[in-house]
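Trainee: I would like to learn how to read a protein model feature by feature, taking the general idea before the particular case.
Mentor: Then let us look at the model together and go through it in turn.

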Amino acid sequence: VSGFDFGALRDPVAPEPGPRERNGVDARARQLRARRLRNRVALSTGAVVVIAAIVLGAVGIRQDRGPEIAVPGSTSTTVTTPITAGPSVGDRFVPPTTEQHGLVVLAVTLPDGETFTMKYPPAMRIAQLGFAGSTGVVGFSGLSSRAVTISYTTVQHVYGDQAPIATYRDANGQPVPVLRAPEPPSSRGRAPVQLVFQFGHWLVQVDDGQEAMNPAQLSTWARNLTGSFDRSGYLMLHASPPLRVANWFDGGFGSLSEHGPDQIELASNLYCGQPGSDTSTRRRVVSAGEPAVTWCDGNLHVSATGASNFVALAATSLRVSPVP
Amino acid sequence: LDDFDAEFESLWSRAYGVAYVVLGDRSESEDVAQETLARALVRWRKVSAYAGPWVVRVAGNLAIDRVRQRQRTRGVPAHEVPGIDAQRVDLQRALLALSPKQREVVMLRYVVDLPEAEVATTLGCSVGTVKTHASRGLAALRKSLEVAP
């Protein structure tokens, strides 16, 4: 029909995947998970680090049910304020919670401003797992789009005293350095360079990977991406043309790069609403031997994995509802 | 329960098959299959419900990326790349010219060889939409054949 003989283009002796292929996939998956962690703060085994609790006033931490933080002031602040750290675990932000009818109420704000509320039994301790993730920033007019990594740490902590490869200026004239990613060089060569923003205590890293940007493009990125914080302390990204913050987010609570620990993955506008994708029905899954439960709440994909009790509670008691 | 291990072989073969049709290189196709399956494994909780079409989409995109990369790094038009038969080069050129949706339909319909109805179910659109995209995709393929040296 097409003039193409697709059959002739297929491999007549296609290899059967065996243990070698399976091991290769596992190894590559480990690399991909490690990349998520590559800039993350090293933690001593099992240590939970709560960074200085100074957030514009009173910060209270209740060990059993997690921090409850009162943050006075407007819903957002400008990005040029000095770095102040709220509670965190590793390089993840521990947001404030409240309590309602015996359930913990956790407000979540994604970088594009989308908000929702999670309610769960105190035993799940979701807020204390810490929040981080990545989102997309779309470029127009010849500017490439990028996924940006968002974590709760500082340039100094991640890059040490590394001298910038170049420095650009943000909308307020503050420096935005280009730094080499602190990961071991891959087999393909040197570690990628990153344009690095510091918005308060939030670190935003833009990989300048496969299709490297030229200085003019990097300068445009630096100038047009800004951040502010909502009253809970979450980062919201803002972009002015020719950039636009995409509506997708991939991240959540917990160390998503590791197997084993409790974690709640949240993915907005990525994995729901597609043919065959998850629905509001909670579905049990096994991945690499780990039990999990997954479902879609509107366009938000939610999955929980970890200890069996944690997964069971997520399956039965975790409620996610959008905030209009 | 949806277990990655249980679906590994069929998904890997599907990813490899898509990549090979586009690339015609066993080693590169294995690389694409490995990358695709690794990405699926990392996202398994999110994509396991529709892993088949997801794998086709990702493997197809990765294969197209490799074609683009070849063109960039080797600095020669695809049809002059040695060792790839002419028909495959025409296919590569045509796929590069298609919109993502058209490419997806062409991949599922002609590369994976799914019936139109199944492509429609997979993509969540009507059979009519599949026919439209397939028709436009084929037109691009024919055009590519006409301009091929």
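**Reading strands, rings and a cavity**

Mentor: Keeping in mind that this is a predicted model, we can begin with one pair of residues: A:L103 in β6(A) is the bridge partner of A:Q100.

Trainee: How many bridges pair β5(A) with β6(A), and in which sense, parallel or antiparallel?

Mentor: As a general idea, the strands of a sheet pair through backbone hydrogen bonds, in either a parallel or an antiparallel manner. Here β5(A) and strand β6 (residues 103–109) of chain A are antiparallel and pair over 4 bridges.

Trainee: What is the order of the strands in the open sheet?

Mentor: The order is β5-β6-β7-β21 in chain A, an open sheet of 4 strands with antiparallel pairing. The edges are taken by β5 (97–100) and β21 (319–322) of chain A, each of which has a single partner strand, so one side of each is left without a neighbour in the sheet. From one strand to the next, the twist averages 25°.

Trainee: Turning to strand β13 of chain A, how many of its residues are buried?

Mentor: The general point to hold on to is that side chains in a regular strand alternate between the two faces of the sheet. In strand β13 (residues 202–208) of chain A, 7 of the 7 residues are buried, so the strand is largely enclosed by the rest of the structure. On one side of β13(A) lie A:W202, A:V204, A:V206 and A:D208, on the other A:L203, A:Q205 and A:D207, and all are buried, which leaves both faces covered.

Trainee: Which strands are joined to β13(A) by bridges?

Mentor: Strand β9 (residues 146–151) of chain A runs antiparallel to β13(A) and is joined to it by 4 bridges, with A:Q205 as the bridge partner of A:T149. Strand β12 (residues 193–199) of chain A is also antiparallel to β13(A), joined by 7 bridges, and there A:F197 has A:V204 as its bridge partner. The hairpin of β12(A) and β13(A) has 2 residues between the strands, and in it A:G200 takes a positive phi near 60°.

Trainee: How should I read aromatic pairs, and how many are there over all chains?

Mentor: A pair of aromatic rings is described by two quantities, the distance of the centres and the angle of the planes. The count comes to 12 aromatic pairs over all chains. One of them is the stacked pair of B:W12 and B:Y16, with 5.4 Å centre to centre and 10° between the planes. Both residues, B:W12 and B:Y16, lie in helix α1 (residues 4–23) of chain B, 4 residues apart, which is about one turn of the helix.

Trainee: Are B:W12 and B:Y16 buried or exposed?

Mentor: With buried meaning under 20% relative accessible area, B:W12 is buried at 1%, and B:Y16 is buried at 1% as well. For contrast, B:E118, in helix α7 (residues 116–123) of chain B, counts as partly exposed at 39% relative accessibility.

Trainee: Which residues form the aromatic cluster in chain A?

Mentor: A:F93, A:F131, A:Y152, A:W202, A:Y234, A:F249 and A:F253 form one aromatic cluster. Some of these names return around the second largest cavity, whose lining includes A:F131, A:W202, A:Y234 and A:F249.

Terms used: Residues are numbered from 1 along each chain as its sequence is written. Chains are lettered from A and ligands numbered from 1 in the order in which they are written. This is a predicted model: local features need pLDDT of at least 70, side-chain atom pairs count only at pLDDT 80 or more; totals for chains, interfaces and linings use all residues. Side-chain values use heavy atoms; hydrogens and water are left out. On a 1 Å grid over the protein atoms alone, a cavity is a set of points where a 1.4 Å probe fits but cannot get out, and a pocket is an open set with protein on both sides within 12 Å along at least five of seven lines; lining residues have an atom within 4 Å of a point. Two strands pair if DSSP finds at least two bridges between them. Axes are lines fitted to C-alpha atoms, for helices over the stretch in contact, and angles run from 0 to 180 degrees between N-to-C directions. Rings of Phe, Tyr and Trp (its six-membered ring) pair if their centres lie within 6.5 Å; planes under 30 degrees apart count as stacked, over 60 as edge-to-face and the rest as tilted. Buried means under 20% relative accessible area, exposed over 50%, partly exposed in between (1.4 Å probe, protein chains only).
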